[in-house]
Amino acid sequence: MSNLGNWPDPIETMQAQTNAVLLSFSMGKDSIAAWLAIRDKFERIEPYYLYLIPGLEFIDEALAYWQKVMGQKIHQLPHPSLYRQLNAFVFQPPERCAIIEKANLPDFDYEDVNRIVREDVGLDAKAYCATGVRAADSPMRRMHFVKRGPVMHSRKLFYPVWDWTKDDVITAISSAGVKLPKEYKWFGRSFDGLDLRFLLPLKRHAPRDYARVLEWFPLADLEVFRYEHRAQG
């Protein structure tokens, strides 16, 4: 992509610093592209997946596929949004609120996640984390890369596909012969929220997983209820 500045290649920058990196792997197309870009560039890559709801069958199925493709374990941790939404009582009935408060769930962010994974797998602080964020995703992300480039030393992040277009991503995935998770057929993207875009297809295509979501966020069913009754009216 043009007009992003004359920044050094992020992969080469990391190779000069370390032979081991983390990979934030959502199983979305951009994170798949990031893995394809770095898979033969480092001696050790430690991928991790952050779950919004534990134990969803379609997620477990996709993780099993990708662990086979990668030939290694994908570490699983809770997404910061899971605890954040629970602490904010999102879609929670009143009787659960006091229980959630007493649980005193911690607040944490992506930097905490990367630190925890490094410690868990025995990597030192030189191990930066690769993500699939691209400048073409939004004007805000483009501006970020124009100003700061594809390596963020303050947060120990680098962006191996920062200057890729969507066509570059699709071509790389197709050429590699790997497949997107079934959630792309349901949602048009990877699963990352509790709004109607995700809840309605999940109820239609994976009712057991939808029931699992309601175990954690019982009142999420109201989103679908409102939609269905508007459609009937």
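Is Met27 buried or exposed? Met27 counts as buried, because its relative accessibility is 0%, where buried means under 20% relative accessible area, exposed means over 50% and partly exposed lies in between, with a 1.4 Å probe and protein chains only. The structure is a predicted model, in which local features need pLDDT of at least 70 and side-chain atom pairs count only at pLDDT 80 or more, whereas totals for chains, interfaces and linings use all residues. Residues are numbered from 1 along each chain as its sequence is written, and side-chain values use heavy atoms, with hydrogens and water left out.

**Backbone with positive phi**

- Met27 is found in the loop between strand E1 (20-24) and H2, helices (H or I, at least four residues) and strands (E, at least two) being DSSP runs numbered from the N terminus.
- The phi of Met27 is near 75°, a positive value in a residue other than glycine.
- Lys156, placed in the loop between strand E5 (151-152) and strand E6 (157-158), also has a positive phi, near 55°, and is likewise a residue other than glycine.
- Lys156 is partly exposed, with a relative accessible area of 27%.
- As background, most residues other than glycine have a negative phi.

**Pockets**

- The largest pocket has a volume of about 1,200 Å³; a pocket is an open set of points on a 1 Å grid over the protein atoms alone, where a 1.4 Å probe fits, with protein on both sides within 12 Å along at least five of seven lines, and lining residues have an atom within 4 Å of a point.
- For these volumes, grid points are joined across faces, edges and corners, and a volume is the space filled by probe spheres set on the points.
- Of the 36 residues that line the largest pocket, the closest to its centre are Ser26, Val133, Arg141, Arg189 and Asp192.
- Two or more lining residues of the largest pocket come from each of helix H2 (29-38), strand E2 (44-51), helix H6 (110-121), helix H7 (139-148) and helix H9 (183-187).
- By class, the lining of the largest pocket divides into 15 nonpolar, 12 polar and 9 charged residues, with Ala, Val, Leu, Ile, Met, Phe, Trp, Tyr, Cys and Pro counted as nonpolar, Asp, Glu, Lys and Arg as charged, and the others, Gly among them, as polar.
- The second largest pocket has a volume of about 170 Å³, and the residues that line it include Phe58, Tyr65, Trp66, Lys179 and Pro181.
- Helix H3 (residues 57-70) gives the largest share of the lining of the second largest pocket, 5 residues, and that lining divides into 6 nonpolar, no polar and 4 charged residues.

**Helix packing around H10**

- Helix H10 (residues 196-205) and helix H12 (residues 221-232) pack at an angle of about 85°, with their axes 9 Å apart; axes are lines fitted to C-alpha atoms, for helices over the stretch in contact, and angles run from 0 to 180 degrees between N-to-C directions.
- That angle makes H10 roughly perpendicular to H12, since angles under 35 degrees count as roughly parallel, over 145 as roughly antiparallel, 65 to 115 as roughly perpendicular and the rest as oblique.
- In this pair, Leu196, Leu199, Leu200, Lys203 and Arg204 in H10 meet Asp221, Glu223, Val224, Tyr227 and Glu228 in H12, where contact means heavy atoms within 4.5 Å.
- The contact of H10 with H12 has 5 nonpolar, no polar and 5 charged residues.
- The axes of H10 and helix H11 (residues 207-216) come within 6 Å and cross at roughly 130°, and the two helices are therefore oblique to each other.
- Leu199, Leu202, Lys203 and His205 of H10 make this contact with Pro207, Asp209, Tyr210 and Val213 of H11, giving 5 nonpolar, 1 polar and 2 charged residues by class.

- Phe91, in the loop between helix H4 (80-87) and helix H5 (94-103), is partly exposed with a relative accessible area of 21%.
- Phe91 and Glu223 are 132 residues apart in sequence and 9.5 Å apart in space, C-alpha to C-alpha; not counting residues up to four places away in sequence, Phe91 touches Leu194, Phe217, Pro218, Leu219, Ala220 and Glu223.
- Leu56 lies in the loop between E2 and H3, counts as buried at 1% relative accessibility, and touches Phe191, Asp209, Arg212 and Val213, not counting residues up to four places away in sequence.
- Ala130, found in strand E4 (residues 129-130), is buried with a relative accessible area of 0%, and its C-alpha atom is separated by 7.1 Å from that of Ala34, 96 residues apart along the chain.
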